[in-house]
Amino acid sequence: MASRVASGLLRRRAGATLGLLRSYTHVRNYSSQLSALIPATSQCSKLTRRRYYMPNASPYQVWSRSFASDNGDKVEAIAQIETDKVTIDVASPEAGVIEKFIASEGDTVTPGTKIAIISKSAQPAETHVAPSEESTPKEPSPPKVEEKPKVETAPKVEPPKTQAPKPTAPSKTSPSEPQLPPKERERRVPMPRLRKRIANRLKDSQNTFAMLTTFNEVDMTNLMKLRSDYKDEFVTKHGVKLGLMSCFVKAAVSALQNQPIVNAVIDGDDIIYRDYVDVSVAVGTSKGLVVPVIRDADTMNFADIEKGINNLAKKANEGALSIDDMAGGTFTISNGGVYGSLISTPIINPPQSAILGMHSIVQRPVVVNGDILARPMMYLALTYDHRLIDGREAVFFLRRIKDVVEDPRRLLLDI
């Protein structure tokens with residue numbers, strides 16, 4: 001897979017180690033993108049920051065992270081590879097001084113391509129920067145030649161001619177037209193590669209699938225009571241909190257097993273039925289939406305699912321997701337309720353055929369056994385590929401999720 005090098009400017013220091021001065025084609029303040037950097041792993045020290053001031057009073061920020069090589073030397077990240085899905089640090093294999101960058105910032109490279117030459121014996125050299133305009137000697141400007149004033153003769157005055165008044169043309173800017181803000185108040189920045197990939201996949205999804213969305217609502221009373229009754233014991237035994245997502249994943253697994261067509265996908269003139277369930281969970285990050293996958297969710301219990309979700313969410317927020325973490329998936333669950341969304345129509349994640357949208361829990365009046373009661377209600381949305389899935393299967397699928405969530409005992413009894 002082709003990747004892009006986001007290397008940037010380098011500053012060499014004493015001790016034969018390197019710091020990475022990250023920059024882009026359009027240089028901008030990098031402090032707002034701190035959260036997008038991949039944090040240090042168990043072999044890395046904490047991210048440190050040092051600020052340098054370059055000529056012309058333009059502040060650049062130097063970000064560096066140290067890695068330990070096999071021989072114990074201090075080695076730092078020298079570049080970043082930005083792929084369609086993740087951003088990965090490239091660590092120097094040895095401690096030393098970078099003599100030359102073979103690949104430039106923004107180049108497309110393939111696995112195994114050399115990007116830099118590192119010397120272990122080279123002496124540290126100072127980074128050469130362009131001198132400021134004040135220190136550059138200016139050539140003497142030629143003396144200005146004074147121009148003689150020109151004497152103009154007054155034109156002859158002719159008697160005014162009486163003409164009929166012309167109709168006044170309307171002004172170019174009508175009061176009803178909107179006044180656009182000046183261009184100086186706008187900023188143009190290059191789109192990150194991950195955002196480009198997200199945009200292309202979403203548009204391809206709209207152009208490929210015959211998407212249709214069906215809705216239902218679910219009473220969360222029994223599930224929330226179950227969670228409240230056993231949350232302490234669950235944490236004590238399994239070391240993880242009992243959330244709502246694990247129940248929805250289990251409900252989705254049950255519904256996919258009852259309606260296997262929802263777990264299938266169109267491939268050319270064929271239909272591929274998948275006898276396993278890999279649930280993709282949409283996670284919003286500072287860089288964009290990522291969809292890591294819980295493998296073999298049909299073989300997991302509640303605790304395994306909760307641990308898997310927490311692990312993937314942590315890696316997503318730290319920017320440490322790998323390509324393998326997001327490859328595959330047969331069905332997606334997106335929880336817009338964490339942001340307060342009341343209802344939405346999610347877009348299918350190719351090459352899947354359906355996606356479940358969860359939303360916020362709101363107290364609403366409902367009729368229960370003839371009485372009007374306030375209950376915690378959630379809207380559910382299922383967007384599916386109508387080329388493959390008929391409305392009957394889609395409604396039965398969503399109804400199964402509703403039944404399981406409203407009465408989790410169905411999972412125990414398999415009814």
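Tutor: Two strands pair if DSSP finds at least two bridges between them. Keep that in mind for this predicted model.

Student: How many helices and strands are in the chain?

Tutor: Seven helices and 22 strands.

Student: How many bridges join strand E21 to strand E22, and how do the two run?

Tutor: Seven bridges join E21, residues 362-368, to E22, residues 371-385. The two strands run antiparallel. Take one case: valine 362 has methionine 377 in E22 as its bridge partner.

Student: What lies between E21 and E22?

Tutor: Two residues, and the strands form a hairpin. In the turn, asparagine 369 has a positive phi of about 55 degrees.

Student: Where do the side chains of a regular strand point?

Tutor: In a regular strand, they alternate between the two faces of the sheet.

Student: Back to phi. What is the phi of aspartate 296?

Tutor: Near 50 degrees, a positive value in a residue other than glycine. Aspartate 296 sits in the loop between strand E18 (293-294) and helix H4 (302-317).

Student: Is aspartate 414 buried or exposed?

Tutor: Exposed means over 50% relative accessible area. Aspartate 414 has 65%, so this residue is exposed. Its phi is also positive, near 55 degrees. Find aspartate 414 in the segment after helix H7 (409-413). Aspartate 296, with 38%, is partly exposed.

Student: Which peptide bond is cis, from proline 350 to which residue?

Tutor: To proline 351, with omega near 5 degrees. Proline 351 is in the loop between strand E19 (331-335) and strand E20 (354-358).

Student: How much of the chain counts as buried?

Tutor: Of its 415 residues, 36%.

How values were computed:
Residues are numbered from 1 along each chain as its sequence is written. This is a predicted model: local features need pLDDT of at least 70, side-chain atom pairs count only at pLDDT 80 or more; totals for chains, interfaces and linings use all residues. Side-chain values use heavy atoms; hydrogens and water are left out. Helices (H or I, at least four residues) and strands (E, at least two) are DSSP runs, numbered from the N terminus. Buried means under 20% relative accessible area, exposed over 50%, partly exposed in between (1.4 Å probe, protein chains only).
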